[in-house]
Amino acid sequence: MKRYLTGIFLLLGLLFLAGCGREVQMERFEQTFFDTFDTVVRVIYYAESEEKAEEYGAHVHSRFLELHKKFDGYHTYEDQMSLMEVNQLAGQGKVALDPELYDLIELSLERYDNYGVTNIAIGPVTDVWHEYRDGHVVGLDVQEEVQEGKVAELPPMELLEEAAKHSLRENIVLYPEEHAVEIKDPLGKIDLGAVAKGYATELVAKELEEMGVTAALISAGGNVRIIGTPPEADRKYFGIGLQDPDAATGLEPEAENMIDQLYINDTSVVTSGDYQRFYVVDGKLYHHLIDPMTLFPADHFRAVTIVTEDSGLADFLSTTAFCLPYEESRALVESLDGVEAYWIHRDGSVTFTEGLSKNLKSQGATNQEAA
C-alpha cells in the first residue's frame, strides 16, 4: 500500500445486500490523503471487496492529483500544463488548454455572467492577499506550516486597488472551437481557488458512479459529495455536520463542534466560511473569501452552506452567497431550482431555506427519516 492511502481500506462494517437473486457482501472502507488542493480529502466507499476498494481509491487519488495539477495557479509540472503556465502567458495571445481546464474556466465565466460576484479574473487581487497571508494562514482547510516570528500585516488599499484594475472579467476571452483562452491584460491572472475543488469533486464522483459505485461520500475541504444512500439497515441518510465557526477557529473553547446536522443523500453540501482559511492581524481574523466590492474579506456571514446536486455549482454558489448581503444572498438562492442554503450570521444566529428544514436535525430530522 502506498503511504498516501493512510487509513484507506480500514474495514468499518460488514453488510449483506440483496442483488440479482443473491446476497451481496458489502464492506465499508475509508481513504484519506493530504496532497491535493491544499486540503484533506476523505472518502468513504461501500464495496464488495478490498480489491474493489483499492481500485476505487487508486482512481480517486490519481484523478485528484491530476486535476490539482491542472488547476494549480502556483506551480508548474513536467507532466501536466497547469493554470500557472496559462497565467504566465497573459498578454501573449491565446493558449490551447486541456479540455477539463478549459471547461472549468468556461463554466466559471458563464456562472459569473449569470450570478455575479465570484470572478475568476480576480487573481491579481487574491495574489496580493496571498502574499500578505503567506506564512500566517491557519484554519480547517489548510495544510501548511505557520512561520514563527513573521509579523502579520494587512495589504495597503492602494495596492489592492491597483491590482483590481487588472482583475476585469472582460480580460478573459475564450475560443471554444480551439479550446483556448486569452488573458488580454499582461498583468491579468485567473484564480480558480473558489471553484476548482467542487468541480474536481463532481468529476470524480461521476467517474466513481460509472465504475459501479452505488454508495460513497467524498469530503474535500468544505466540499462534500454524496453518492447514493448508505446501505446500512440502521440508517437511511448520510449525516453531514455543519461546523460551528467559533469551535473551528478555537476562539470560543466552550462552543459545540457542530451547530447543526444535515441528513441527506445523493447530493452535494458545500460550505464557505471564515474559519476554513484565515490569518490574524492585531487580534482580528481575516479570511480568504474576498468581497470584490471592498477588496477585503467579506463580512456578511460566518458561513454559508449550499445544498444542490452538482458539487461544482454548489462550490461557486457558496462563495457567491457568502459575499452578498443577506437579502441578496437569499434572493439568489431562492431564485434557483434545486438549490437550498443555510446561513450562519455574524451574531451566531442561523437562517435556512424552507426546503432544507426537513433535512436538519434541529428541525427534527434523523438518519431514518426526514422531519
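Predicted model: local features only at pLDDT ≥ 70, side-chain atom pairs only at ≥ 80, totals over all residues.
Me: What makes Thr36 buried or exposed?
Reply: Its relative accessible area is 0%. Buried means under 20%, exposed over 50%, and partly exposed in between (1.4 Å probe, protein chains only), so Thr36 counts as buried.

Me: Why is the link between Asp274 and Arg302 called a salt bridge?
Reply: The closest N and O atoms of Asp274 and Arg302 are 2.5 Å apart. A salt bridge needs a side-chain nitrogen of Lys or Arg within 4 Å of a carboxyl oxygen of Asp or Glu, so this pair qualifies. The partners come from distant parts of the chain, 28 residues apart: Asp274 is in the loop between β11 and β12, and Arg302 is in strand β14. (Helices, H or I of at least four residues, and strands, E of at least two, are DSSP runs numbered from the N terminus.) Asp274 is buried at 2%, and Arg302 is buried at 10%.

Me: How do you know how Glu55 and Lys52 sit in helix α1?
Reply: Glu55 and Lys52 are three residues apart in that helix, which means about one helical turn separates them. They form a salt bridge too, with the closest N and O atoms 3.5 Å apart. Glu55, at 38%, is partly exposed, and so is Lys52, at 32%.

Me: What joins the side chains of Ser272 and Ser318?
Reply: A polar contact of 2.8 Å joins them. The term asks for a pair of N or O atoms within 3.5 Å, one able to donate a hydrogen and the other to accept it within protein; residues adjacent in sequence count only if both atoms are side-chain atoms. The side chain of Ser272 also reaches the backbone nitrogen of Thr319 at 3.4 Å.

Me: How many residues of α8 are buried?
Reply: The count is 12 of 12, and Ser318 and Thr319 are among them. At the N-terminal end, Asp310 caps α8, with a side-chain oxygen 2.8 Å from the backbone nitrogen of Gly312.

Methods
Residues numbered from 1 in each chain as written. Heavy atoms only, no water.
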